[in-house]
Amino acid sequence: MCDVKKYSRMFQDIKQLQPEDTLQLVMEAENKEEREFFEMLGNFLIQKRQKQVIERNLF
């Protein structure tokens, strides 16, 4: 069984990343799979922020 609290903490940490942080992770990834993972995280965070902007009628 996985450590749910561990992954929940990781999720909370990831949500705090800024776009420049995810860009750095992508640029410094050790391999293609890692780079794609960090790109996916960056896209997730961008989509989340876009949704917030739309919900607040800022766009």
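**Entry 1: helix 2 against helix 3**

At what angle do helix 2 and helix 3 pack, and how far apart are their axes? I'm working on a predicted model here, so everything below is read from a prediction. I get an angle of about 165° for this pair, with the axes 8 Å apart. That makes helix 2 roughly antiparallel to helix 3, because an angle over 145 degrees counts as such. I also looked up the handedness: helix 2 passes helix 3 in a left-handed crossing.

Next I listed who meets whom. From helix 2 I have Pro19, Thr22, Leu25 and Val26. Facing them in helix 3 are Arg35, Phe38, Glu39, Gly42, Leu45 and Arg49. Sorted by class, this contact has five nonpolar, two polar and three charged residues.

**Entry 2: Thr22**

Thr22 sits in helix 2, which covers residues 19–27.

Where does the side chain of Thr22 reach? I find it at 2.9 Å from the backbone oxygen of Pro19. I then left out the neighbours within four places in sequence and checked the remaining contacts of Thr22: they are Leu17, Gly42 and Leu45.

**Entry 3: Phe38 and its surroundings**

Phe38 belongs to helix 3. I noted a relative accessible area of 17% for Phe38, which puts this residue in the buried class. Which residues does Phe38 touch, if those up to four places away in sequence are not counted? I get Leu25, Val26 and Ala29.

To Met27, 11 residues away in sequence, I have 9.3 Å. To Gln24, 14 residues away in sequence, I have 9.3 Å. Gln24 lies in helix 2, and at a relative accessible area of 44% Gln24 is partly exposed.

**Entry 4: the loop at Asn31**

I moved on to the loop between helix 2 and helix 3, where Asn31 is found. Asn31 has 40% relative accessibility and counts as partly exposed. What does its side chain reach? My note says the backbone nitrogen of Glu34, at 2.8 Å. I also took the C-alpha separation of Asn31 and Gln47: 24 Å, for two residues 16 apart along the chain.

**Entry 5: helix 1 against helix 3**

Last pair: how do the axes of helix 1 and helix 3 cross? Helix 1 runs over residues 4–15 and helix 3 over residues 32–55. Their axes come within 11 Å and cross at roughly 65°. Helix 1 and helix 3 are therefore roughly perpendicular to each other.

For the contact I wrote down Phe11, Ile14 and Lys15 on the helix 1 side. On the helix 3 side I have Leu41, Phe44, Leu45, Lys48 and Arg49. The contact of helix 1 with helix 3 has five nonpolar, no polar and three charged residues.

Terms used:
Residues numbered from 1 in each chain as written. Predicted model: local features only at pLDDT ≥ 70, side-chain atom pairs only at ≥ 80, totals over all residues. Heavy atoms only, no water. Axes fitted to C-alpha atoms, helices over the stretch in contact; angles between N-to-C directions. Helix = DSSP H or I, 4+ residues; strand = E, 2+ residues; numbered from the N terminus. Parallel < 35°, antiparallel > 145°, perpendicular 65-115°, else oblique. Contact = heavy atoms within 4.5 Å. Nonpolar A, V, L, I, M, F, W, Y, C, P; charged D, E, K, R; others polar. Polar contact = N/O pair within 3.5 Å; in protein donor to acceptor, adjacent residues only side chain to side chain. Left-handed = near helix turned anticlockwise from the far one by under 90°. Buried < 20%, exposed > 50% of the residue type's maximum accessible area, 1.4 Å probe, protein only.
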